[in-house]
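Please consult the sequence and structure shown here before reading on.

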Amino acid sequence: MRITRRNFLGGMGAVGITGLIPELNGAQIIKSQRSIIAGPGRSMVMDSGNRLTDLWLYNGSLPGPEIRIKEGDHLDVHFLNKLKVPTTIHWHGIKVPNEMDGVAGLTQPAVEPGETFSYKFEVSEPGTFWYHAHTMGWEQVARGLYGPLIVEGIKDFKVDHDVTLMIDDWRLDKNGQIDETSMGNLHDWAHRGRLGNWLTVNGKSQFKKLVKINSRIRLRLINSSNARILKMELTGGVGFQVSLDGNPCNLKAISHFELAPAQRIDLMIDVGTEPLLLHDLSSREKVLASIIEPRLEFGEGLVEKNIPEITPLKSIPTNLANAIRLKVHMQGGAMGNLSKARFDGDEYSLRHLARVEKKVWAFNGVVGVYDHQLGEVPLGKMIILEVFNDTAWSHAMHLHGHDFWIRSSKQSNSNHIDIKRDTYLMDPKEKAEFIFLADNPGQWLLHCHMLEHMASGMGAVISVV
Ligand code: C2O
Ligand code: CU
């Protein structure tokens, strides 16, 4: 009988149980059970103060417990809501059946206070993913409701240390509490979103990880902030990008990279004895985010430092003549060209929408999210979304249930196009095509992952039938 390791990381405050359930054909399914409770909690976010920050957390920990499973496992999460508000969990970037997608009001009713929901699905692809609240996400994620979801691949290259760095950007007041007065601020919503003033990695400022000397490390970076586009700088070693949004990509040495809200990047780094430093350069001041420090007393790395074989990428299918095209014209926000839009079936001026409804963004002239159907497409068809960011702002466009290839006016010519992502950062005025196979039936959201933009109209639904 195969027993797999199902330990939570130390101190994550959750209980993991592994069970084996027989499958009909006699083979065995590895079933990985978890219990996740959303509730009020506290953590030391601003370490210079001596007060804990009041938060909303999964299992009382910041970030939520790291769920680490193997490709092919069945995840079975028993979820309990101990908050005073309804909530749901969305499994960002993982292919799940539609009814497990966690979008309250679209794929399931919200889980009311005191109620439970059972999320069950098979995890078929390896990679770095995350889970987060998807009900009033702009508030719930900002209060701490998120955690990493790591799927180890059968063919993953060997490392001495596999390290998740979940990066967040908090807006705190001088007491180190969540700055409540800025929550729901329409000015932020019509501009870049609610940016923070305090950066953490795994809930800590200047998060430090001690490692063996001369070791090989896989770093998994996740941007869980509501709106900040991180501009990371890696010094002290050479990082090779191996995966983007959980999709393998060609090995490439990088030292500077952007990470938009919800995006992930995996790096392979061989360290010697020098510390690795990760800085964020996205604000006026350069911020030290994390230190990876080799220590002699931990011994020496054992893994062979050969060039790993990365599963070849699947490039964009060449015959797209029969693909279905859908247009997504993004408009609105401050300094935009949207003067009026449809909302709830009627047309209103943007001024009215902003003042009365707090809506400032639209796709194709319609303020979204769940009531706006972009289109119905048949299962099994190739789809091309023709996305035009006709606004003055950047947007992290995320599609649920599918990964997509990108063809963009931004790429001169492109080995780029072989990369698949689930969240793509659109520059102002950029035109791009998101190309995907509609192979997952159901109602899938397409929205901006700057969560304030989504709340104020930047989203729509694609039905795969
Ligand atoms: Cu991570 Cu609809 O989002
Ligand atoms: Cu946006």
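What spacing do the donors of the copper ion (ligand 2) follow along the chain? They follow the spacing H-x52-C-x4-H, where donors are N, O and S atoms within 2.8 Å of the metal (3.2 Å for Na, K and Ca), and sites may look incomplete because water is not among the atoms. This is a predicted model, in which local features need pLDDT of at least 70 and side-chain atom pairs count only at pLDDT 80 or more, while totals for chains, interfaces and linings use all residues. Residues are numbered from 1 along each chain as its sequence is written, chains are lettered from A and ligands numbered from 1 in the order in which they are written, and side-chain values use heavy atoms, with hydrogens and water left out.

**Copper site**
- The copper ion (ligand 2) is coordinated at 2.0 Å by H395 (ND1), C448 (SG) and H453 (ND1).
- Distant parts of the chain are linked by the pair H395, in strand β27 (residues 395-399), and C448, in strand β32 (residues 442-448), which are 53 residues apart.
- H395 and C448 are both buried, that is, under 20% relative accessible area, with exposed meaning over 50% and partly exposed in between (1.4 Å probe, protein chains only).

**Surroundings of G193**
- G193 lies in the loop between α2 (186-190) and β11 (198-201).
- With 4% relative accessibility, G193 counts as buried.
- Leaving aside residues up to four places away in sequence, G193 touches D188, A227, E452 and the copper-coordinating H453; contact means heavy atoms within 4.5 Å.
- A distance of 7.3 Å separates the C-alpha atoms of G193 and N226, which are 33 residues apart along the chain.

**Cavities**
- The model contains 3 cavities of 30 Å³ or more; a cavity is a set of points on a 1 Å grid over the protein atoms alone where a 1.4 Å probe fits but cannot get out.
- The largest cavity holds about 60 Å³ of space, a volume being the space filled by probe spheres set on the points, which are joined across faces, edges and corners.
- Its lining residues, which have an atom within 4 Å of a point, include D168, R171, R194 and N226.

**Overall fold**
- The protein chain has 4 helices and 33 strands, taken as DSSP runs (helices H or I, at least four residues; strands E, at least two) numbered from the N terminus.
- Buried residues make up 57% of the 465 residues in the protein chain.
- Of contacts between residues at least 6 apart in sequence, 75% join residues at least 24 apart.

How values were computed
On a 1 Å grid over the protein atoms alone, a cavity is a set of points where a 1.4 Å probe fits but cannot get out, and a pocket is an open set with protein on both sides within 12 Å along at least five of seven lines; lining residues have an atom within 4 Å of a point.
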